[in-house]
Amino acid sequence: PDELASVLESKPDGGLVVKGDGDEDVVLCSDDATYTMKALDTSNAMLLVSPNDTAAAAAGPVADTVESIISYHFELQRCLPRLDTLKGILALAAYDGPESERDHFSSSSSSSYPSA
């Protein structure tokens, strides 16, 4: 999509992040959008070749070196962020009220930090 091209042009050192756990779909995230990524097979393989020497090419035919053969591409489809993992993490530290918070901090501060 065009909006991803503009992100790559404006932030070449990292404006996009690929995320996904073993049991989740792989997603591509920008600052303001999320896209599912699906690998699709291509009927025509694409050959990636390294550029040849222009001086040698001017003298006659030159054999290019095939660096890689690609037989798939990624399809990106915009989607809503999935928050199931975040909900699970936050559920482990659910707020139980001020008394529980007071007990938690008073017991953890005496055992977790060395005395001055």
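Me: Let's start with threonine 36: is this residue buried or exposed?

Reply: The general idea is a threshold on relative accessible area: buried is under 20%, exposed is over 50%, and partly exposed is in between, using a 1.4 Å probe and protein chains only. Threonine 36 has a relative accessible area of 9%, so this residue is buried.

Me: What should I know about the model itself?

Reply: This is a predicted model, in which local features need pLDDT of at least 70 and side-chain atom pairs count only at pLDDT 80 or more, while totals for chains, interfaces and linings use all residues. Residues are numbered from 1 along each chain as its sequence is written, and side-chain values use heavy atoms, with hydrogens and water left out.

Me: Which residues is threonine 36 in contact with, leaving aside its neighbours within four places in sequence?

Reply: Contact means heavy atoms within 4.5 Å. With those neighbours set aside, threonine 36 touches Val26 and Val27, plus Glu75, Leu76, Gln77, Cys79 and Arg82.

Me: How many helices and strands does the chain have?

Reply: Both are DSSP runs numbered from the N terminus: helices are H or I with at least four residues, and strands are E with at least two. Here you get four helices and four strands, and along the sequence they read α-β-β-β-α-β-α-α. Threonine 36 sits in strand 3, residues 34-49.

Me: In what order do the strands line up in the sheet?

Reply: In general, strands of a sheet pair through backbone hydrogen bonds, either parallel or antiparallel. To count as a pair, two strands need at least two bridges found by DSSP. In this model the four strands make an open sheet in the order 1-2-3-4, with antiparallel pairing. Strand 1 (17-19) and strand 4 (66-79) are at the edges with a single partner strand each, so one side of each has no neighbour in the sheet. On average, neighbouring strands of this sheet are turned by 45° against each other, direction ignored; the axes are lines fitted to C-alpha atoms, for helices over the stretch in contact, and angles run from 0 to 180 degrees between N-to-C directions.

Me: How many bridges join strand 1 to strand 2?

Reply: Three, with the two strands running antiparallel; valine 17, for one, has cysteine 29 of strand 2 as its bridge partner. Strand 2 and strand 3 also pair over three bridges in the antiparallel sense, and they form a hairpin with four residues between them. There, leucine 28 is bridged to tyrosine 35 in strand 3. Strand 3 and strand 4 pair over 12 bridges, again antiparallel.

Me: Which residue of strand 4 stands opposite threonine 36?

Reply: That's glutamine 77. Glutamine 77 is in contact with Thr34, Tyr35 and Thr36, once its neighbours within four places in sequence are left aside. Here's a sequence-versus-space case: glutamine 77 and methionine 37 are 40 residues apart in sequence, yet their C-alpha atoms are 6.9 Å apart. Across the chain, among contacts between residues at least 6 apart in sequence, 48% join residues at least 24 apart.

Me: Why does threonine 34 count as buried?

Reply: Its relative accessibility is 12%, so threonine 34 counts as buried. Threonine 34 also lies in strand 3, and its contacts beyond four places in sequence include Val27, Leu28, Cys29 and Pro81. Overall, buried residues make up 13% of the 116 in the chain.

Me: And Pro81, where is that residue found?

Reply: In the loop between strand 4 and helix 3. Proline 81 has 52% relative accessibility, so this residue counts as exposed.

Me: What volume does the largest pocket have?

Reply: On a 1 Å grid over the protein atoms alone, a pocket is an open set of points where a 1.4 Å probe fits, with protein on both sides within 12 Å along at least five of seven lines; lining residues have an atom within 4 Å of a point. The largest pocket comes to about 350 Å³, and its lining has 14 residues, with Glu24, Val27, Pro81, Arg82 and Leu83 nearest the centre. Strand 2 (27-29) and helix 3 (84-91) each give at least two residues to that lining.

Note on methods. Points joined across faces, edges and corners; volume = space filled by probe spheres on them.
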